[in-house]
Amino acid sequence: MNTKFGFFPYEAMNYKSAQAQLDRRAAQGWELRHIYLGCIARFRRADRPSHFVDLDIRGHMDEGTDPDYLQLCSDAGWELVQTLRGMLLFRASAGQSPAPIQTDGELEWERFWEKYRPRLLSTLITLISIGVIAFVLAMPPRQWNVPAMLAANLGLLYLLYFALAIPCTLAQWLHSKWYLAKCRRTNRVEDPGPLATALDALNRLHTPLLCLILFFTVAQPLGLGRTVDLEWYSPNETYTATVEACRAWPVVTANDLGLGDGGYSRHLDGHSSPLMEFLEYQELAQTAGPEEPVYYRLTTERYDCATELLARWTLAQRHKETQNGYFLWGDLDWESAPGLGFDESYTCREGAYLLLRQGRVAALVGCDGMDLTRPQALETVRARVLG
């Protein structure tokens with residue numbers, strides 16, 4: 001084959017790493033032809049290929065590369081392949097073996113330092129900005145539910161983005177300080193080493209991740225990833241959350257608990273991701289009382305996880321969240337209830353709320369005013385949520 005492709009992730013600060021890769025390719029007989037999508041390099045077989053990578057020093061941001069400089073390079077036998085992220089990528093003209101463009105190490109270092117001294121500050125500002133956003137997201141509203149985020153592709157992508165962006169940006173900032181100090185000690189631009197290449201490669205993941213986040217931000221309201229969305233608010237005449245429609249899903253309804261079909265509202269929402277499938281059901285039910293109607297608030301959260309380990313984590317996470325105010329109907333002070341016949345189980349409010357796990361399924365079921373640990377109610381919960 002006369003054509004070969006390779007990954008080319010280098011930032012301008014690490015242009016010496018880009019030079020090292022092109023030198024290795026040239027030693028194998030490959031000549032750079034083009035960079036696609038900012039990181040996919042196409043090479044072609046050539047006789048005694050040679051490359052040179054230089055910084056693109058411009059007087060102002062709106063100015064192009066100095067044409068006199070490019071003409072001097074061309075006269076010396078260097079052909080400009082492409083400008084990429086502040087780097088000028090040259091290859092030797094056919095049949096020529098030109099001398100390196102930069103031969104004065106101290107002068108090259110001065111140009112490099114002048115151009116990239118502000119990088120330390122800009123990288124630090126980027127790190128602080130990402131950290132502030134992550135901190136804001138970590139200050140949740142009262143109904144915060146981290147496991148439910150993992151059941152939504154968009155939430156999963158946000159978590160993945162910050163999990164990559166924060167440590168990667170911090171590592172880049174620290175490495176930049178170390179690298180610039182190393183260059184200052186020798187008064188020349190040094191090879192930044194394999195760590196810089198790895199960090200540049202990770203940095204290239206930001207763009208596709210942001211594109212995916214944008215895609216799911218647009219697609220999620222259109223129903224992508226959603227498994228069910230049923231609602232009814234009395235006294236609406238048209239609604240989708242009929243008793244029959246809700247009972248088709250593994251949630252506990254007022255009808256299941258013998259509280260009739262009357263009520264003021266029902267809402268069933270579900271979505272899924274590669275990690276888990278999530279269902280949330282809320283119902284405000286009404287039954288006749290001796291003097292006035294009696295109201296029951298019903299809740300079901302069901303997490304069908306990809307692994308049992310994830311289900312264990314989900315149970316522990318919801319245990320912590322609902323105990324610390326992140327639940328719609330107030331704090332839930334759980335007590336262990338190992339005798340209910342589940343792998344793990346907790347109760348609170350005199351049995352009105354159950355937190356349970358069976359295998360890969362974790363669930364939170366509640367009905368204010370009813371003891372769900374009674375045998376008949378418990379069997380209903382088991383049959384509906386786990387059956």
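A residue is taken as buried when its relative accessible area is under 20%, as exposed when over 50%, and as partly exposed in between (1.4 Å probe, protein chains only). By this criterion, 46% of the 387 residues of the protein chain count as buried. The structure is a predicted model, in which local features need pLDDT of at least 70 and side-chain atom pairs count only at pLDDT 80 or more, whereas totals for chains, interfaces and linings use all residues. Residues are numbered from 1 along each chain as its sequence is written, and side-chain values use heavy atoms, with hydrogens and water left out.

The protein chain contains 11 helices and 14 strands, assigned as DSSP runs (helices H or I, at least four residues; strands E, at least two) and numbered from the N terminus. Strands are regarded as paired if DSSP finds at least two bridges between them. An open sheet is formed by 3 strands in the order 1-3-2 with antiparallel pairing; strand 1 (3-7) and strand 2 stand at its edges with a single partner strand each, so that one side of each is left without a neighbour in the sheet. Strand 1 is joined to strand 3 by 5 bridges, and Thr 3 stands opposite Arg 44 in strand 3.

A nonpolar core is defined as a set of buried Ala, Val, Leu, Ile, Met, Phe, Trp, Tyr and Cys residues joined through side-chain atoms within 4.5 Å. The largest such core comprises 26 residues, of which Phe 8, Leu 32, Met 87, Leu 89 and Phe 112 touch the most other members. Its largest share, 4 residues, is supplied by helix 3. With contact meaning heavy atoms within 4.5 Å, and with neighbours within four places in sequence left aside, the partners of Leu 32 include Leu 22, Phe 43, Val 81 and Leu 89.

Salt bridges, defined by a side-chain nitrogen of Lys or Arg within 4 Å of a carboxyl oxygen of Asp or Glu, number 20 in the whole structure. One of them joins the side chains of Arg 384 and Asp 256 at 3.0 Å, N to O, and links helix 11 (residues 375-386) to the loop between helix 9 (243-247) and strand 8 (263-272), the two residues being 128 residues apart. Arg 384 is buried, with a relative accessible area of 16%, and Asp 256 is likewise buried at 13% relative accessibility. In the salt bridge between Asp 304 and Arg 360, the closest N and O atoms are 3.7 Å apart; here Asp 304 is partly exposed at 24% relative accessibility, as is Arg 360 at 42%.
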